[in-house]
Structure formats: structure tokens, C-alpha cells
Amino acid sequence: MSTNDPVQRQMIREAMQAVAQRKPGRSKLVYDKTKRTIVAVTEGAQTPQALNITADDADMFGVITVSSEWLREKWPELNRAGILPVAFSSWDDGDALTQSELCVQASPITVLGTFLLDQYQAESSQGLAILLERTEASSSKPDVFVSPEGTRYRGQIVQPAQPSCQPSDIVFADVEPQLALRRSGILETTILQDKTVLCIGLGTGGAHVVVELAKCGVGRFLLVDRDRLSVGNVVRHPGGISQVGRLKVNVVRDLILEKNPNAKIEAHALEVGFGNKDLISELVRASDIVICGTDNRQSKLLINELCITANVTAIYGGAFRRAYGGQILRVRPKHSPCHQCFVAAMPEEASDVEVSSEVDANEIAYSDQPVAVEPGLSLDVLPIANMLAKLALLELLADKSSTLNTLRRDFDAPWYLWLNRPEPGTPYADWPPLSESSDEMTIKRWYGIYFDRDEACPVCGHFVASLAASYGLDPSLLPALPAEE
Ligand SMILES: [Zn+2]
């Protein structure tokens with residue numbers, strides 16, 4: 001319906017307004033079958049060769065989305081000058097214009113425009129011009145903006161971005177209240193806004209966990225990973241092909257912001273090791289919970305030590321090789337076995353890790369035996385990531401009231417086991433088929449498993465006293481250990 005005819009353009013604007021308000025106006029839009037285009041005609045005109053376009057057809061028009069929060073913030077400026085510049089990301093050949101402030105990933109094409117409070121200023125504005133007009137319509141409608149004084153406005157395009165630009169619906173998005181509304185009933189609005197999650201290791205599992213927690217409304221994230229996203233990661237990782245080469249901490253930061261635009265995020269592109277123990281220790285102390293998704297035993301044991309010292313709960317998740325299954329260990333300092341106790345109690349389980357990258361393969365292959373990179377399917381990693389996110393959520397809700405707290409009695413074991421398939425060569429190869437068993441262990445079920453703390457654990461137990469006792473010594477007579485190595 002591109003046209004340069006000013007009369008036709010004015011009629012299209014009036015007709016669009018009538019369509020948006022779902023009531024008859026002075027002109028209406030019709031599809032002219034002979035001209036094969038949409039034209040505006042006077043309301044009541046007989047148009048036998050044309051099809052009426054009604055409000056139900058309005059979805060065919062593009063949408064301009066504006067941030068209400070941004071417009072309220074800028075309202076004094078608009079009130080003073082009568083005009084306010086605005087920028088949009090243009091998607092799908094201009095079919096959707098999304099205000100740049102709402103875009104974590106911007107479109108390569110930007111459309112500049114202005115908001116106006118008086119029509120006459122349209123002459124002085126360049127590009128897209130949107131006039132804000134007072135309305136009595138309900139403030140709950142998506143096309144109604146409520147100013148800080150409580151006055152309601154609707155937007156009307158008085159000058160399109162290009163002469164051929166299609167008319168569009170203008171929608172005002174109140175991001176935070178709309179996101180919170182979808183969670184209410186399960187998780188009350190801002191309940192997790194003040195919680196901080198430290199995630200170390202942002203592979204497929206870790207990245208999924210933090211994105212899920214962002215959707216739940218967690219407000220602050222500290223992200224640690226040394227790696228960059230590679231092409232091979234894309235089939236599993238939530239980051240996509242256009243993110244390849246970027247640091248995973250930055251890819252995941254943007255994924256979180258896409259889901260929770262108000263989240264506060266710190267990205268640390270570093271490897272966990274004794275060299276940066278002080279920084280990691282600082283991050284642990286600043287967190288309400290630590291999610292550990294690294295495959296490397298040394299880093300897990302270091303994180304374990306720092307979390308026990310700082311009295312912060314940590315959850316370790318990992319897939320077994322080629323993701324035939326996976327496990328989760330939750331360590332509540334003073335209340336459950338720690339990761340060091342786990343390694344002592346179940347050395348085989350603790351060492352059965354998925355080899356999903358060259359770096360992991362090289363770390364595991366110390367000897368002449370090379371280790372192949374054998375990553376599993378994303379589908380097999382996600383059940384483990386989902387469970388880990390749920391356990392993390394329960395920990396974060398411990399001091400809050402939530403319907404999810406009824407799950408607490410179900411999830412009180414320290415260790416959780418999940419099998420995707422009865423992998424040959426493992427202790428689970430002979431598990432009965434899922435369809436035949438109701439009381440034996442099978443695949444595709446979670447098992448919460450208890451084991452005891454190691455009283456002689458050097459991290460969470462009484463190592464010196466146990467050692468002394470085994471030699472028949474009085475521990476109070478032993479010299480104190482040095483504080484650090
Ligand atoms: Zn321990």
C-alpha cells in the first residue's frame with residue numbers, strides 16, 4: 001500500500017487509527033482486488049471489487065514496541081521540548097521495530113525517529129514520527145502508555161520511517177511487571193531479585209541453569225569461564241552460531257539479559273585455579289549459592305574448599321561420559337558431606353565425567369592413552385541442568401515463602417543420580433527396561449542417594465584429630481597447621 005498521495009496517506013492514517021481503536025472512523029482500509037493492494041476509502045463507500053480490512057486483520061500490520069519504563073524516565077524531557085529522539089532496531093524488512101533500549105542484540109539496521117506531543121512539530125522531525133495523543137482507553141491495553149502524572153496516551157504514526165513504510169501498531173511494553181506477572185502464583189514478583197548466583201563453568205549445563213534462574217527472576221549473577229564459544233558447542237549450548245568466537249561469559253550474560261533485562265551481571269573470563277584463589281574466594285563470599293559446572297576435579301575441589309570456608313551452599317552438576325547419565329551433588333556446609341567426602345566415598349562416580357572439549361580431553365589424558373572428545377546430546381544434558389536449576393531455586397527460596405517449598409522434603413539427599421540409557425560397561429548396564437519395572441532402578445528417573453560425611457575429611461571434617469587418633473596421639477599436643485600452603 002505504498003503511496004505518495006498525501007490525501008491517501010492521511011486516509012490510511014485515519015483508517016489505521018480506527019482499526020487500532022476497533023471502531024468506525026471517517027475512512028476504512030480495503031484490499032482492492034483489481035489493483036492488488038490495500039487502499040483507504042471513505043467509510044460507507046461501496047467497494048464491490050474490494051475486501052474490508054477489520055481489526056481482526058490488524059495482526060498483519062507490523063508492530064512498533066516502545067519501552068514504557070524508558071518513556072516515563074524521559075517524560076520530563078519530552079514535556080519540556082515537545083519532541084524526543086528515539087532509536088529502533090528494525091527487523092524483518094521493517095515489519096517489527098523494537099526500541100533499541102529493549103534490545104540486548106541489536107539489529108544491523110537502525111531506524112531513527114521522534115516522539116511528539118504536538119502534531120505541528122512533525123515538520124521539524126526526521127524519520128519516523130510518533131504523535132502521543134491523550135486517550136480515555138483502559139491503561140491495561142498494550143497500546144496505552146501511562147505518563148508519570150497518570151495521563152493515558154496512544155501513539156499515532158504521523159510520519160512513517162520511509163514513504164513506503166507500512167502502518168504499524170504501537171505497543172508500550174512495561175517489561176518488569178509483565179515478566180513478573182507470568183511468574184506470580186509460583187514465585188512472587190520480586191522475591192529473588194536480591195539473590196546472587198555464582199556460576200563457575202558455562203558449558204551447556206551451567207549456561208542452561210543460569211538462564212533458567214534468570215527466568216525465575218534471580219537478580220544478580222557472577223559468571224566465571226575461561227572459554228570461548230566454538231562452532232562445535234552450538235548444537236548443545238544455548239548460545240548460537242552468531243555468537244561463535246565470543247567469550248562464554250559474555251554470550252551467557254546476553255542470554256540472561258534477554259530473559260531478565262534488569263539483572264546485574266559480572267562476567268569474569270578466567271580459569272579457576274590456585275593462581276586466582278583470592279578472587280574466586282571473594283566471588284564465593286558475595287554469593288547466595290555457587291553452581292559448579294566445571295569438569296575439572298582440581299577446580300571442583302578448590303571451589304569446595306572455598307565454599308566450605310565461606311559457609312555457602314554449592315551445587316555440582318555433571319554428565320557422565322557421552323551423557324549416558326549424570327549426577328548432582330549439593331553441599332550444604334556443616335549439614336551434608338562435601339565434595340572431598342564425595343570423592344572419598346564414591347571415587348568412581350566422582351571421576352566419571354563427560355569429555356566435551358579438547359581441553360578436558362587433554363586434562364584427563366595424562367598418560368600415553370589419548371582420550372577422545374565424546375560429548376553427549378543436549379537432550380541428555382538438559383534433564384540434569386533442569387534438576388540442578390530446581391535444587392538451586394529451592395536453596396534460594398529457603399528464607400522466602402513459596403509454594404515450591406513443599407518440594408523440600410523430596411529433595412533432602414546430598415547426591416542425585418539420573419540415567420539416560422543403560423550404557424554397556426557401566427554398573428547400570430543391567431537395569432530393567434523402564435516399562436517393566438516399578439520398584440527397581442531404571443533409566444529416566446531421579447534417585448536421591450544418601451551417604452555420610454567423612455569424619456576425617458581434610459576440608460569439612462576433623463582430619464587432624466582423626467589422624468592423631470589413628471596413631472593414638474592427643475590432638476591438643478600437635479602443633480597448629482600453617483594457615484595456607
Ligand atoms: Zn568433607
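Does Glu395 count as buried or exposed, and at what relative accessibility? Glu395 counts as buried, at 15% relative accessibility. The points below concern a predicted model.

1. Glu395 and its partner. A salt bridge joins Glu395 to Arg332, with 2.6 Å between the closest N and O atoms. Glu395 belongs to helix α11, whereas Arg332 sits in the loop between β17 (325-331) and α8 (339-345), so the pair ties together parts that are 63 residues apart in sequence. The two residues fall into separate accessibility classes: Glu395 is buried at 15%, and Arg332 is partly exposed at 24%.

2. Helix α11. This helix has 19 residues and, at 1.5 Å a residue, should span 27 Å; the distance between its end C-alpha atoms is 26 Å, which agrees. Most of α11 is covered, since 15 of its 19 residues are buried.

3. The nonpolar core. The largest nonpolar core comprises 41 residues, and Val197, Val210, Phe221 and Leu223 have the most contacts inside it. At least two residues of this core come from each of β12, α4 (204-215), β13 (220-224), α5 (248-259), β15 (289-292), β16 (314-319), α11 and β18. The element that gives the most is α11, with eleven residues.

4. Lys400 and Asp194. In this salt bridge the closest N and O atoms lie 3.6 Å apart. Lys400 is found in the loop between α11 (378-396) and β18 (415-419), and Asp194 in the loop between α3 (175-183) and β12 (196-200), so the contact ties together parts that are 206 residues apart in sequence. Lys400 is partly exposed, with a relative accessible area of 21%, while Asp194 is exposed, with a value of 53%.

5. Other salt bridges. The structure holds 19 salt bridges. One of them pairs the side chains of Asp227 and Arg226, at 3.5 Å from N to O. Both partners are partly exposed: Asp227 has a relative accessible area of 23%, and Arg226 has a relative accessibility of 31%. Elsewhere, Arg322, Asp380, Arg421 and Glu423 are linked in a network of salt bridges. In general, side chains of opposite charge can pair when their charged atoms come close.

6. The zinc site. Which residues coordinate the zinc ion? The donors are the SG atoms of Cys338, Cys341, Cys457 and Cys460, at 2.2 to 2.3 Å. The angles among the four donor atoms run from 97 to 119°, and the site is tetrahedral; the assignment follows because four donors count as tetrahedral if all angles lie between 85 and 135 degrees. Along the sequence, the donor residues are spaced C-x2-C-x115-C-x2-C.

7. Cysteines and disulfides. With a disulfide taken as a pair of cysteine sulfur atoms within 2.5 Å, the count comes to zero. Cys199 is accordingly in no disulfide, and the nearest cysteine sulfur, that of Cys292, is 8.2 Å away. Cys199 is buried, with a relative accessible area of 0%. Cys216 is also buried, with a relative accessible area of 18%, against a limit of under 20% for that class.

8. Positive phi angles. Most residues other than glycine have a negative phi. Two residues of this model deserve mention under that heading. Asn311 has a phi near 60°, a positive value in a residue other than glycine. Asn311 lies in the loop between α7 (297-310) and β16 and is partly exposed, with a relative accessible area of 43%. Lys334 has a phi near 75°, again positive in a residue other than glycine. Lys334 lies in the loop between β17 and α8, and at 63% relative accessibility Lys334 counts as exposed. Arg332, the salt-bridge partner of Glu395, is placed in the loop between β17 and α8 as well.

Conventions
Residues numbered from 1 in each chain as written. Predicted model: local features only at pLDDT ≥ 70, side-chain atom pairs only at ≥ 80, totals over all residues. Heavy atoms only, no water. Salt bridge = Lys/Arg side-chain N within 4 Å of Asp/Glu carboxyl O. Helix = DSSP H or I, 4+ residues; strand = E, 2+ residues; numbered from the N terminus. Buried < 20%, exposed > 50% of the residue type's maximum accessible area, 1.4 Å probe, protein only. Expected span 1.5 Å × (residues − 1). Donors = N, O, S within 2.8 Å, 3.2 Å for Na, K, Ca; no water. Tetrahedral: all angles 85-135°; square planar, octahedral: opposite > 155°, others 65-115°. Core = buried A, V, L, I, M, F, W, Y, C linked by side-chain atoms within 4.5 Å.
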